Amino acid sequence: MAGSDYVVTPPAGTPPDDAALLITCMAQGDREAFSRFYDIFAGTAFGLIRRVLRDPSTAEEVLQEVFWQVWQEAPNYDARRGSPVAWVLMRAKARAIDKLRSIRRRERTFVMPVDETVARQDDATVENPGVAAEERGLVHGALARLPHAQRRVIELAFFEGLTQTEIAARLGAPLGTVKTRARLAMERLRDALKGADGRG
Amino acid sequence: MNRDEIRELAAGYALGGLDGDDRARFEALLRAGDQEAAAELSDFEATLMGLAAESTEAPPPGVKAAVMARVAAEARAKPREAPARPAPARAAPRRSWWPAAWAAAMAAGIAAIVVGLSVSATYEKRVEGLAREAAGLRAELGRQQAMVALIRDPATQIVALAGLEEAPSARARMIWNAPAGGLFIAAGLPAAPAGKTYQLWAIAGKNAPVSAGVFEVDARGTGSLRVLPLAGVDKVDVFAVTLEPAGGLPAPSGKMYLAGKS
């Protein structure tokens with residue numbers, strides 16, 4: 001991916017090259033390398049998982065699964081296909097969304113509101129992580145600077161795993177509007193993140 | 001398809017929210033090698049990763065402990081092999097200290113094996129010693145049990161032997177059971193001279209004495225002999241002890257030291 005424009009600096013300030021090196025060592029069964037890799041990326045991955053899943057113990061369970069998967073897939077890591085941080089976050093997001101969907105299937109009777117009116121009533125429940133994240137002060141940075149309507153589309157798609165048709169139903173908006181909002185939101189985010197990186 | 005449309009699909013695809021038809025259309029573009037679609041997609045994917053990385057939250061330490069434990073358990077179950085695929089070139093020049101770490105880990109592993117072997121050798125010796133000790137105790141227990149059984153048997157008789165002229169203070173007991181044999185215990189006998197030994201005889205009626213075996217006495221003059229059943233002898237009238245040449249004789253030839261009637 002053209003991730004070079006979006007170098008995400010890991011908390012420990014470890015250059016991405018070192019993270020790729022750690023993955024190489026992990027592929028050879030190096031547990032110390034894995035320990036360091038975890039220390040660098042667990043916070044970022046957990047932040048993402050927590051935005052999708054409100055329940056802390058469920059989020060912790062998913063985090064554990066993500067890093068177990070990362071350890072097992074280390075031999076298949078290909079630097080040409082993505083940076084280490086993207087490699088971890090893709091898995092974190094996919095796992096968290098899978099978990100959220102399985103929870104939804106179990107609790108279908110009182111979730112899946114058909115329009116925004118019902119969705120607002122649900123805001124205080126487990127089933128609205130976007131709002132939950134906002135309550136916890138997690139919505140900040142580039143996402144917080146989006147217009148509300150665009151932010152909702154991103155939240156519902158990226159943090160709740162809804163398809164565009166489902167988002168349209170949830171918001172009571174035409175599908176075409178949802179698609180346009182998604183594109184506009186993504187373009188704004190890209191510009192904002194590039195700007196924040198000081199290299200756009 | 002115009003540029004906005006492609007971007008729209010790319011944005012939805014990156015978000016993971018494209019419905020069936022749209023997803024099929026966009027994937028067809030990617031398969032067809034559409035440069036713009038691929039570029040937009042990777043751009044948006046990177047954007048989302050940047051978005052995801054904006055908020056971090058430290059997980060509780062228990063999660064790491066659990067993952068590391070799982071990894072350690074897997075390493076014990078099936079050690080990981082070196083990957084078939086060569087490492088990325090950019091990483092290669094900076095790997096220098098990892099092989100050293102590996103060598104150290106291997107050395108530690110070998111040391112553990114050596115220590116393990118030496119510990120196991122020590123334990124094997126110990127187990128051998130215990131086995132010998134147990135065999136000895138079992139044999140001793142067998143002897144004790146045989147004696148107790150012998151004494152308990154109503155058919156068992158105890159014959160007292162008194163010292164004769166050569167050893168007036170000598171005393172002996174014969175615990176005798178014809179079918180089972182018996183146990184002879186003597187005390188107060190003088191030490192047998194060199195080349196000589198004491199021999200126990202069983203005499204039935206007017207028959208010739210039958211040898212019941214030879215025995216040595218210790219410095220205090222005590223000796224004992226386990227006597228096996230004597231062939232053709234079911235009733236013994238007299239037990240007697242004589243001093244005979246070492247190894248004993250088929251018939252008594254020396255002086256009598258002890259004698260007792262049953």
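This section describes chains A and B of a predicted model, beginning with the fold of chain B and ending with the side of chain A that touches chain B.

Chain B contains five helices and eight strands. Along the sequence the elements follow the pattern α-α-α-α-α-β-β-β-β-β-β-β-β. Chain B has 262 residues, and 24% of them count as buried. Among the contacts of chain B with a separation of 6 or more, 57% are between residues 24 or more positions apart.

The eight strands form an open sheet in chain B, with the order β5-β4-β7-β8-β1-β2-β3-β6 and antiparallel pairing. The edges are taken by β5 and β6 (223–227) of chain B; each has a single partner strand, so one side of each is left without a neighbour in the sheet. On average, and with direction ignored, neighbouring strands of this sheet are turned by 20° against each other.

Strand β1 (residues 157–163) of chain B runs antiparallel to strand β2 (residues 171–177) of chain B, and six bridges join the two. In this pair, B:Q157 is found opposite B:W176 of β2(B). Strand β2(B) also pairs in the antiparallel sense with strand β3 (residues 181–187) of chain B, over seven bridges.

Residue B:A202 stands opposite B:V210 of β5(B). The hairpin of β4(B) and β5(B) has six residues between the strands, and B:G205 in this hairpin takes a positive phi near 55°.

In chain A, helix α2 packs against both α4(A) and α3(A). The axes of α2(A) and α4(A) are 9 Å apart and the packing angle is about 30°. Angles under 35 degrees count as roughly parallel, and α2(A) and α4(A) are therefore roughly parallel to each other. The crossing of α2(A) past α4(A) is right-handed. On the side of α2(A), the contact is made by A:F41, A:T44, A:A45, A:L48, A:I49 and A:V52, and on the side of α4(A) by A:V85, A:V88, A:L89, A:A92, A:K93, A:A96, A:I97 and A:L100. By class, this contact has twelve nonpolar, one polar and one charged residues.

The packing of α2(A) with α3(A) has an angle of about 135°, with the axes 10 Å apart. This angle makes α2(A) oblique to α3(A). Helix α2(A) passes α3(A) in a right-handed crossing. Residues A:F34, A:Y38, A:A42, A:A45, A:F46, A:I49 and A:R50 of α2(A) make the contact with A:A59, A:V62, A:L63, A:V66, A:F67 and A:W71 of α3(A). The contact of α2(A) with α3(A) has twelve nonpolar residues, no polar residues and one charged residue. Residues A:A45 and A:I49 of α2(A) take part in the contact with α4(A) and also in the contact with α3(A).

Residue A:V52, which is part of the contact of α2(A) with α4(A), lies 103 residues from A:E155 in sequence, with a C-alpha to C-alpha distance of 9.0 Å. Residue A:E155 belongs to helix α8 of chain A. This residue counts as buried because it has 24 C-beta neighbours inside 10 Å, where 20 or more are required.

Between the chains, 60 residues of chain A are in contact with 50 residues of chain B. On chain A, at least two residues of the side that touches chain B come from each of α1 (16–27), α2 (31–52), α3 (56–73), α4 (84–106), α7 (141–144), α8 (148–159), α9 (164–171) and α10 (175–197). Helix α2(A) gives the most to this side, with twelve residues. By class, the side of chain A that touches chain B has 34 nonpolar, 15 polar and eleven charged residues.

Terms used: Residues are numbered from 1 along each chain as its sequence is written. Chains are lettered from A and ligands numbered from 1 in the order in which they are written. This is a predicted model: local features need pLDDT of at least 70, side-chain atom pairs count only at pLDDT 80 or more; totals for chains, interfaces and linings use all residues. Two strands pair if DSSP finds at least two bridges between them. Helices (H or I, at least four residues) and strands (E, at least two) are DSSP runs, numbered from the N terminus. Two residues are in contact if their C-beta atoms, placed from the backbone, lie within 7 Å. Ala, Val, Leu, Ile, Met, Phe, Trp, Tyr, Cys and Pro count as nonpolar, Asp, Glu, Lys and Arg as charged, and the others, Gly among them, as polar. Axes are lines fitted to C-alpha atoms, for helices over the stretch in contact, and angles run from 0 to 180 degrees between N-to-C directions. Angles under 35 degrees count as roughly parallel, over 145 as roughly antiparallel, 65 to 115 as roughly perpendicular and the rest as oblique. A crossing is left-handed if the near helix is turned anticlockwise from the far one by less than a right angle, and right-handed if clockwise. A residue is buried if 20 or more other C-beta atoms lie within 10 Å of its own, exposed if 12 or fewer, and partly exposed in between; C-beta atoms are placed from the backbone.
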